[in-house]
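Hello,

I am passing a structure on to you, and I hope you enjoy looking through it. Below it you will find some notes on what turned up.

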Amino acid sequence: MLAKKQKKFGLALGGGGARGLVHIGILDILHKEGIKIDCISGTSMGAILGANYALGIKPMEIKRSAMQFGEKKLLKLRNLNIFNESLIKSTQIEKTLDKVFEEKTFAHCKIPFRAIAVDIEAGKTVVLKKGLLKTAIRASSAIPFIFPPVFHEKKVLVDGGILDNVPLSSLKEFSPEVTMGVAINNFSSRQNISGKIFKHYFIPKYHSFLEKTTLIGRTYGKMRDNINLMADIVLRSFEIATKKATEIEIKKNPPDILLKPNVEIGLLEFNKSEEAIEYGRELMTKNLPRLKNLLFGNP
C-alpha cells in the first residue's frame, strides 16, 4: 500500500526572545516525524530559527546558533549606546549574525523563507525575501529603543512584531494547503517587571544599601539597575502593544493549527534553553495527531 502524499505545509514562527527557543523543540519533533515543511515565515526570534531550518540545519544544531545570542552580555556598559538611536549598540548582534549566517542569502535556503520587519516611516509591514539573511534577520529583530533600526532598500526597518508577530499572511504566496502558527504567550514578564518596579520604588532598604557603597560602586550600581529596569519597561511595553496586533492578524489569517506555548521564561533567559526546547517538544507531540490528520487524512 502506497503512503499517502503529504499536503503542502506552511509554518509561521513568532517572536519571543529566549522563549522562542520552544520553536526548536517543535521543529525537532516535525523533523523526527519526517514532516516536510514547504515554506517558513518568521518574526524576530522566529526569523532567526526559521532561517536556520530553511537553510537545512537540523534543530539541535540550530540550538547552538541560538545560544550564541544568549552568551552576549548585552547590557554591559561597553555595549550601551545611550544618547544615540538605541539603548544597545548593534555591534555584538552583528558579530553573532555574521558568525551564524556568514554571507548566505535567501537564495541559499532549501525551504522558501520570509522574514518580517516594519517600515518605521510608512508604518507598514515589510516582507523580506531577498538579499543577505543576516540583514533581514537583524531588521526583523530590531526592537525599538533596545536595538538600532536597520536601513535597508531605502527603508528604516524595526522589529516585525510591532504589526505581525506570527506572520501567517506571508505564507499565502506559496499557497500551502495546511498552515500552522506559533504564538508565544508569557506571564513571567509581567511578574518580572512587577518585582523590579516594587524593588525600585517601594523598598527603601534597597536604596539605603546602595547609598552605603563606595562612590564608584553606588554610581555603577544605580546605573546598572536603572538601565535594566529601563530595558524591562520597554520590553514589557512592547509585549503589551504587540499583543492586540498579533490577535488581529491571526483572526485575519487563521491557521489550521495555532500553538500558543505559555513559557515561564524571561525574554533574555537563554540559560533556560533546555526547559523551553522540551516544552516545545511536548506541545508539538500533543498536537501531532491533529497535524498528521490534516496533512495525510482524506480530503
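Axes here are lines fitted to C-alpha atoms, for helices over the stretch in contact, and angles run from 0 to 180 degrees between N-to-C directions.

Please keep in mind that this is a predicted model, where local features need pLDDT of at least 70 and side-chain atom pairs count only at pLDDT 80 or more, while totals for chains, interfaces and linings use all residues. Residues are numbered from 1 along each chain as its sequence is written, and side-chain values use heavy atoms, leaving out hydrogens and water.

First, the overall picture. The protein has 9 helices and 8 strands (DSSP runs numbered from the N terminus: H or I of at least four residues for helices, E of at least two for strands). Of its 299 residues, 52% count as buried (under 20% relative accessible area with a 1.4 Å probe, protein chains only; exposed is over 50% and partly exposed lies in between). Taking contacts (heavy atoms within 4.5 Å) between residues at least 6 apart in sequence, 78% join residues at least 24 apart.

Now to helix α2 (residues 45-54) and helix α5 (residues 133-140). Their axes are 8 Å apart and pack at an angle of about 155°, so α2 and α5 are roughly antiparallel to each other. A47, I48 and A51 of α2 make the contact with L133, I137 and S140 of α5. By class, that contact of α2 with α5 has 5 nonpolar residues, 1 polar and no charged (Ala, Val, Leu, Ile, Met, Phe, Trp, Tyr, Cys and Pro are nonpolar; Asp, Glu, Lys and Arg are charged; the others, Gly among them, are polar).

Helix α2 also meets helix α1 (residues 22-32): their axes come within 10 Å and cross at roughly 25°, which makes α1 roughly parallel to α2. On the α1 side are H23, I24, L27 and H31, and they meet G46, L49 and Y53 in α2. This contact of α1 with α2 divides into 4 nonpolar, 3 polar and no charged residues.

Finally, the structure holds 1 aromatic pair (rings of Phe, Tyr and Trp, the last by its six-membered ring, with centres within 6.5 Å; planes under 30 degrees apart are stacked, over 60 edge-to-face, the rest tilted). The ring centres of F106 and F113 lie 5.8 Å apart and their planes are at 20°, so the pair is stacked. Both F106 and F113 are buried.

Best wishes

Definitions and conventions. Angles under 35 degrees count as roughly parallel, over 145 as roughly antiparallel, 65 to 115 as roughly perpendicular and the rest as oblique.
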